[in-house]
Amino acid sequence: MKKNTILYACTTLCLLFGMSSCNNQSKSPKQEKILVEKSEATAVPDDIFFYTSKHRKDKYVPTEEKMGFGSNILDIGVEEFKDNKNLREVWVGPQVEHIANYAFAGCSSLEAVHFQGEVKVINDESFQGCTSLKNLRVDVYTIGLNAFKGCTSLESARFGEHIWWIREGAFSGCQKLRSVLMGITMKKIEDGAFDGCTSLEEFSVPNDFKNRMFGIVAASASKWKKVYLLSTEYYPMPKNCTPNKGCTLYVPDAFLAQYQADADWAQFGSIEPLSKSKYFTAEGFWK
């Protein structure tokens with residue numbers, strides 16, 4: 001088994017760096033470790049095409065449908081894959097920390113992007129107009145201006161525990177977006193970040209957005225089904241919160257009795273502890 005794993009890692013390295021043979025080539029342990037983790041732990045398919053610095057230097061335009069990035073690609077450049085109609089599925093390795101402006105803009109066939117590590121910045125217009133993209137799950141710090149604007153098939157956006165800033169227009173026009181989940185770390189959401197997102201059914205309210213978040217998603221109030229309050233304290237229901245009786249409110253376990261006894265919050269159909277939710281712990285952090 002151990003021998004097969006080593007051979008597999010060697011074969012993967014050959015694909016990454018364009019070698020016809022690995023017999024006479026040296027490989028650093030760090031490179032092997034990255035590639036084995038990407039291939040086994042994250043179930044990257046065998047038929048994936050790996051884009052390397054040589055492809056970048058040659059200005060190669062991928063014609064493949066499934067693409068990953070070699071360990072020598074640390075960021076994705078401005079307009080690097082803009083308007084590529086071939087890409088359908090992309091794996092962004094853990095070494096990639098930055099996605100530049102318009103990197104995948106107009107990739108209308110792109111259905112899935114698998115982020116395998118923390119991304120510091122998904123920059124302005126980077127995925128704008130990716131009309132086939134259905135779900136987003138990424139541990140990201142900052143999402144730039146109009147980053148996912150016009151992603152008309154996007155249904156869910158889930159951010160990890162490092163999310164800090166979502167800029168204006170980031171999800172503008174995502175009319176099918178039903179679920180937006182972010183961690184308690186969220187600090188800044190600019191006006192217009194979710195303009196046109198009229199189908200929201202499920203969303204979290206980070207600690208610093210006690211009053212504002214409900215106004216941001218007010219257009220879909222009649223469709224709300226699940227709301228998660230991520231708070232370090234109890235607070236009265238904001239005036240711009242207009243829930244429907246079909247919506248369940250999840251609150252920090254420590255304040256459950258206070259929320260349930262409040263006549264205003266009782267406008268929600270039911271109030272449950274966060275520990276019973278699918279995504280958060282009793283304290284309001286990610287499971």
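At 40% relative accessibility, Glu233 counts as partly exposed, a class between buried (under 20% relative accessible area) and exposed (over 50%), computed with a 1.4 Å probe on protein chains only. The model is predicted: local features need pLDDT of at least 70 and side-chain atom pairs count only at pLDDT 80 or more, whereas totals for chains, interfaces and linings use all residues. Residues are numbered from 1 along each chain as its sequence is written, and side-chain values use heavy atoms, with hydrogens and water left out.

**Overall architecture**

- The protein chain has five helices and 16 strands; helices (H or I, at least four residues) and strands (E, at least two) are DSSP runs numbered from the N terminus.
- Of its 287 residues, 48% count as buried.
- The protein chain exposes about 13,500 Å², of which carbon and sulfur atoms supply 50%; accessible areas come from the Shrake-Rupley method with a 1.4 Å probe, and for residues only the protein chains shown count as cover.
- Among contacts (heavy atoms within 4.5 Å) between residues at least 6 apart in sequence, 31% join residues at least 24 apart.

**Salt bridges**

- A salt bridge is a side-chain nitrogen of Lys or Arg within 4 Å of a carboxyl oxygen of Asp or Glu, and by this rule the count comes to 15.
- Glu233 forms one of these with Lys210, at 3.7 Å from N to O.
- That pair links distant parts of the chain, 23 residues apart: Lys210 is in the loop between β13 (202-205) and α4 (212-216), and Glu233 in the loop between β14 (226-229) and β15.
- Lys210 counts as buried, at 17% relative accessibility.
- Arg56 and Glu80 form another salt bridge, their closest N and O atoms being 2.8 Å apart.
- Because Arg56 lies in helix α3 (residues 53-57) and Glu80 in the loop between β3 (75-76) and β4 (89-92), this pair ties together parts that are 24 residues apart in sequence.
- Both partners are partly exposed, Arg56 with a relative accessible area of 30% and Glu80 with 21%.
- A network of salt bridges links Glu155, Arg178, Glu201 and Lys225.

**Strands β15 and β16**

- Strand β15 (residues 248-251) pairs with β16 in the parallel sense over four bridges; pairing requires that DSSP find at least two bridges between two strands.
- Together with helix α5 (residues 256-261), β15 and β16 make a right-handed β-α-β unit; right-handed means that, with the strands pointing away from the viewer, the path from the first strand over the helix to the second runs clockwise.
- In strand β16 (residues 270-273), Ile271 and Pro273 form the covered face, and Ser270 and Glu272 the uncovered one.
- Glu272 stands opposite Tyr250 and forms a salt bridge with Lys276, with the closest N and O atoms 3.9 Å apart.
- Glu272 is partly exposed at 25% relative accessibility, whereas Lys276 is exposed at 61%.
- Thr248, in strand β15, is buried with a relative accessible area of 17%.
- Its side chain makes a polar contact with that of Ser270 at 3.1 Å; such a contact is a pair of N or O atoms within 3.5 Å, where within protein one must be able to donate a hydrogen and the other to accept it, and residues adjacent in sequence count only if both atoms are side-chain atoms.
- Not counting residues up to four places away in sequence, Thr248 touches Lys225, Lys226, Val227, Phe268, Ser270 and Glu272.

**Surroundings of Tyr102**

- Tyr102 is in the loop between β5 (98-99) and β6 (112-115) and is partly exposed at 29% relative accessibility.
- Leaving aside neighbours within four places in sequence, Tyr102 is in contact with Glu79, Lys82, Asp124, Glu125 and Ser126.
- The C-alpha atoms of Tyr102 and Glu125 are separated by 5.0 Å, with the two residues 23 apart along the chain.
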